[in-house]
Amino acid sequence: MSTNKSTSLFEKTLLKQAFKQSFIKLNPRTMLKNPVMFTVYIGTFIMAAVCMWIAMGEASQGSLAYNLTVFIILFFTLLFANFAEAIAEARGKAQADSLRKTREDTPAKKLADGIGSKEITLVSSSQLLKGDIFLCEAGDTIPMDGEIIQGIATIDESAITGESAPVIRESGGDKSSVTGGTKVLSDRIKVRVTTEPGESFLDKMIALVEGASRQKTPNEIALTILLASFTLIFLIVCVTLKPFADYANTPITIAAFVSLYVCLIPTTIGGLLSAIGIAGMDRALRANVITKSGKAVETAGDLDTLLLDKTGTITIGNRKATHFYPANGVDAGTFTEACALSSLADETPEGKSIIELANINVNGFDTNSATFIEFTAETRSSGIDLPGGVKIRKGAFDAIKNMVTKAGNPFPEETAECVRNISSNGGTPLVVSRNNIALGVIELQDIIKPGIQERFARLRKMGVKTVMVTGDNPLTAKFIAEKAGVDDFIAEAKPEDKMNYIKKEQQGGKLVAMMGDGTNDAPALAQADVGVAMNSGTAAAKEAGNMVDLDNDPTKLIEIVEIGKQLLMTRGTLTTFSIANDVAKYFAIVPALFITSIPALQALNIMRLHSPESAILSAVIFNAIIIPLLIPLALKGVAYKPIGASALLRRNLLLYGVGGIIVPFIGIKLIDMLVALFI
Amino acid sequence: MNTELTGIILTFVLTVLLAFPLGKYMAKMFAGERTITDFMNPVERFIYRIAGIDANKPMNWKQFLMAMLSINCLWIFYAFFLFLNQSHLPLNPDGNPDMSPDLSFNTAISFVVNCNLQHYSGESGVTYFTQLFVITFLQFVSAATGIACAVALFNGLKHKTTENLGNFWSIFTRAITRVLLPISIVIAIVLAFNGTPASFDGKDTITTLQGDTVNVSRGPAAGMIAIKHLGTNGGGWFGTNSAHPFENPGYFTGMLELAAQMLIPIALLFALGFYIKRKKFAWMIFGIMTIGILILAVPTINWEMSGSPALHKMGILQSNGAMEGKEVRFGAAFSGFWSIMTTVISTGSVNAMHDSTMPMSGAMQMLAMLINAFYGGCGVGLLNYYIYIIIAVFIGGLMVGRTPEFFGHKVEAREVKIAALVTLLSAFIIKGGTALAAYYFTSHGHADWAVKPEAWLNNPGSHGFSEMFYEFTSANANNGSGFEGLGDNNIFWNLTTGLAMIFGRFLPIIGPVAIAGLLAKKKYVPETAGTLKTDSLTFGVLTFAIIIIITALSYFPPLVLGPIAEWLG
């Protein structure tokens, strides 16, 4: 979906919406969901009360202007945190809305009395209920998600996938699903509505993003607990500071206590935590994957094993002819011509690829009076009978060999050898004969997608094992598996094989993902930790999986893993950054608190901040503005580099740990220089 | 090289050389393999039979902790009542009186929890009977409790999936019969030969050169002094602890006592590596802990050897370093090193007055106790380090983009919650306690207690603050050393530090054992290239950074107000 990917990070309308939301989110009930920020909320109220107290004449708490400034900064800290969440929501919603736009109210041709009904009533799409049946003809926009129960049609799905080539959807098979908003280009189909209005996957996704049904993921809960305990530790620090200060005969203002507290607690990660989670789902959506829960995205980062279908993921569509091997004594040109002739009527992709490889002008042949012999399961061969009595056949090795030997002709040994070679190299041999004499062999090969080896190597570095699933025989499967660089394969796979493989891996403690579309994939999709159903798949498959890929792109799994990893990493690095920041804040605030009674502590003021007031203000301001500064990082996610866990840890520790210690020293000093101009 | 430093390095190297085979032996012994101490089998079987214990019964983490807590609870009552009535019991040649209830409460807890905070003086506060049958007894069993809980952790780490953390009674008994008792006997004999008394006679009377008559306390001390160090207990027979010429007669016994307290904590690290067959992991922990100790010890030794800047200003030559409060036979460097080892290892036996060390040395001693996980106490040091590992695993795991896992077990909300609570707890106890003390000192100075709050502190200002902060830090860390200069035998300090000790002991044991049990129960996740390697140097550095950051952030203000302010002032 190329158009959506370019959405800039901060679009004007989104900003406006998020700005409004950040005030609405000040509702205490909303705030309570985030324990860290809720304590800031309380701190803000305390500062408001202190300001009023001073306005009424209290003199021991410093100037009104100073206290008011602290209050305003705290208020902004809250707004910034709310804004982070709001902008993440707004972006996710905008993304979902652009998908939903495709399904604005369209008229639906409802069949009043079920499938056999002749009577058509025009209703609005929003009035369609689950189980209703509607008719779509060429040119119609499909009003609702549903399953084709009768007919076949070509459909333009570009509205959701961005792919302009039409796709074929038909009843009965694994490609029976249609999506609301797509357009029927030819033929007519009858479709049964599969979802209640407002309950489509997209609707569910929007609800997730908007927060109505968003639940904290297990990992988010664990992190919240850790952050809450840090918050408590710092609460103890600040509360016990009061008797300590009394002991040291140092009066400390309420503003200083509140400032110290707010600076120390992990507001940075606290403020950005939910934004990070939403952004994860949003990134999935940008990759055109609808997730049914935030947990699924998180789990994706932990995946150990990916089950990938060979066709479409590892190889490009179908086999292609790659070589012609004429038998001894057969002229190469003659053989090539025979190959092309045998495939003239062959509409399969393999047949077409033979003609492509032969590169002969087929129009030059006089085929008007020729008879084409169709492929049948019995003969396992196809071909052409030319007017002059020449019979050309093309087929499997043993089928042609039978034919040749039955006619009393010898089957050339070098051709048999060639067939064996091709088989063991993962190719499919087709033998061509003329008048029951073997002419030679055509080699068909799977074409491995360019760049797929690199992707698998990348996955291996992430610690993810790839498994190729194919209907091929074990020999061919092994060859392709090795060539593509997958770690394991399931050959001659039946749906239950996938299921068994998943169960086996899970018993070993691994997390498994698979992609599927057919109804017979549904159990495996449900069993997998991350099951990605193709949007074109059956309703059962989509129901069973926990993600739906709108592009029907089997390589999408790889992207999903990275999105999951990014999500966890962003949380980890920002937590580290947030905690590391405290070092500098301590060095700003603690000397400022005690400098009057213990002048020697001036030595700890290593940033040489202007005055106690400016030191405290600078620390709080830094604490506030770091939140919006980090919003882009929270939304985009920390880049994942497959360089191995230890190297990645070193890199992130250096960047966000050491960086997290140094940055605030510089930031607070700079802010202090500015603040000093006003004090 | 300076001979003072040579002595320190020699002690350390010899200890590690002894700890390695001991660790290997302990791993084999606790795994139930054949060892040279199998001749103890009949003794143990006899103990199990009279106690009615099925020593082979597997225990899950809850059963293990229940067994551990119930027997510890019993000991507290036992000790409490004996201290209360000790004057009526035999073996009291000096006629020492009963303890007051609050002191008895404090002392009973103090020895059960391996803390050995002493608000009494050994010469006058206890009898030979309570020294032997309460204090020395508890010094054995509290050390064995710590070791048993560490072995429970080993069992949790060893297996892919298990509920069984081992049988508490069996591990506990073998820790005494096969580790603590044999080694203590050897140390006690060496001490006795070097001049530590081992007699049941009461005070001796000598006439000094001036003609004055002096009563000199003595007693069967050698055995207790051996286990006091070996079991990282630290409570002295005599009031001045290992600075006393009977308790620690010379430099050699100083080395022996120092080595004895380091021995088991280091050996347990090696035992971990052998037991769970992850030697690299154990070496990584050993390395990180040793670096941590060096960071604390090297500057301390330097400060102590350089002498007091205040005296320097007055033009007084201090060629031997800061000798105030130190014994000439040990010297500044050795005493400085001892002060760090005894605080970092939670022994708390002292050979010099910590109150008199340089301000920043005091800060280092406090930091050592606040961290409490570099080697650490018998068994519990490793448990404390495990909590830091869990937090490091959680943050580190996130940073590499996977749900955090430790040795194939996912670390989730419940484990994080326990680890966070344990971390939170010490911050609460130490700072809450100090705040309470500071509050009484400033606001209720005239409270009518045995020692009025205003009279608690020998020194006002920052140093006095350090004394109070040190006391709670020591109680919470189950260290037991005192900064001293604090009037601590009164109801306030006896009660508050008593509570600090009991919570500071058991919650940091319950937490890690529970986490180990919960994790071990989980499904095993095989390691992949994307898994955080917990035996790598990077992870070691991360754990170290987390230890430093958590400690620094939690305790920066009190450290600034106490030792740092004194140092700068």
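The following is a chat about a predicted model.

Colleague: Let us begin with chain B. How many residues does helix α3 have, and how far does it reach?

Modeller: Helix α3 of chain B covers residues 61–84, which is 24 residues. From its first C-alpha to its last it reaches 35 Å, close to the 34 Å expected at 1.5 Å a residue.

Colleague: Which residues are buried in α3(B)?

Modeller: Among them are B:Trp61, B:Phe64, B:Leu65, B:Met68, B:Ile71, B:Trp75 and B:Phe83. B:Asn72 is also buried.

Colleague: You mentioned α6. Is B:Gln139 in that helix buried or exposed?

Modeller: B:Gln139, which lies in α6 of chain B, is buried, because its relative accessible area is 0%, below the 20% cut-off.

Colleague: Which backbone oxygen lies 3.4 Å from a polar atom of its side chain, that of B:Gln139?

Modeller: That oxygen belongs to B:Gly235. B:Gln139 also touches B:Gly235, along with B:Phe111, B:Asn116, B:Met224, B:Ile227, B:Lys228 and B:Asn233, leaving aside residues up to four places away in sequence.

Colleague: What about B:Lys158: where is it found?

Modeller: B:Lys158 is in helix α6 of chain B as well. With a relative accessible area of 32%, B:Lys158 is partly exposed.

Colleague: Which residues does B:Lys158 touch?

Modeller: Not counting residues up to four places away in sequence, B:Lys158 touches B:Ala31, B:Tyr275, B:Ile276 and B:Lys277. The C-alpha atoms of B:Lys158 and B:Tyr275 are separated by 7.2 Å, although these residues are 117 residues apart along the chain.

Colleague: A change of topic: how many cavities of 30 Å³ or more does the structure hold?

Modeller: The structure holds 9 of them. The largest cavity contains about 340 Å³ of space. Of the 27 residues that line the largest cavity, B:Ile371, B:Asn372, B:Asn384, B:Ser426 and B:Pro508 are the closest to its centre.

Colleague: Which helix gives the most to that lining?

Modeller: α15(B) gives the most to the lining of the largest cavity, with 5 residues. At least two residues each come from α13 (359–371), α14 (380–399), α15, α17 and α18 (537–568) of chain B.

Colleague: How does the lining divide into nonpolar, polar and charged residues?

Modeller: The lining of the largest cavity has 15 nonpolar, 11 polar and 1 charged.

Colleague: Now the backbone. Which residues other than glycine have a positive phi?

Modeller: Most residues other than glycine have a negative phi. A:Asn435 has a positive phi of about 50°, and B:Asn114 has a positive phi near 65°.

Colleague: Where do they lie?

Modeller: A:Asn435 lies in the loop between β16 (428–434) and β17 (437–445) of chain A, and is partly exposed at 36% relative accessibility. B:Asn114 lies in the loop between α4 and α5 (122–125) of chain B, and is buried, with a relative accessible area of 2%.

Colleague: Lastly, what does A:Thr575 touch?

Modeller: A:Thr575 touches A:Leu223, A:Leu227 and A:Ile269, apart from residues up to four places away in sequence. A:Thr575 lies in helix α22 (residues 556–594) of chain A and counts as buried at 1% relative accessibility. A polar atom of its side chain lies 2.7 Å from the backbone oxygen of A:Arg571.

Technical notes
Residues are numbered from 1 along each chain as its sequence is written. Chains are lettered from A and ligands numbered from 1 in the order in which they are written. This is a predicted model: local features need pLDDT of at least 70, side-chain atom pairs count only at pLDDT 80 or more; totals for chains, interfaces and linings use all residues. Side-chain values use heavy atoms; hydrogens and water are left out. Helices (H or I, at least four residues) and strands (E, at least two) are DSSP runs, numbered from the N terminus. The expected span of a helix is 1.5 Å times one less than its number of residues. Buried means under 20% relative accessible area, exposed over 50%, partly exposed in between (1.4 Å probe, protein chains only). A polar contact is a pair of N or O atoms within 3.5 Å; within protein, one must be able to donate a hydrogen and the other to accept it, and residues adjacent in sequence count only if both atoms are side-chain atoms. Contact means heavy atoms within 4.5 Å. On a 1 Å grid over the protein atoms alone, a cavity is a set of points where a 1.4 Å probe fits but cannot get out, and a pocket is an open set with protein on both sides within 12 Å along at least five of seven lines; lining residues have an atom within 4 Å of a point. Grid points are joined across faces, edges and corners, and a volume is the space filled by probe spheres set on the points. Ala, Val, Leu, Ile, Met, Phe, Trp, Tyr, Cys and Pro count as nonpolar, Asp, Glu, Lys and Arg as charged, and the others, Gly among them, as polar.
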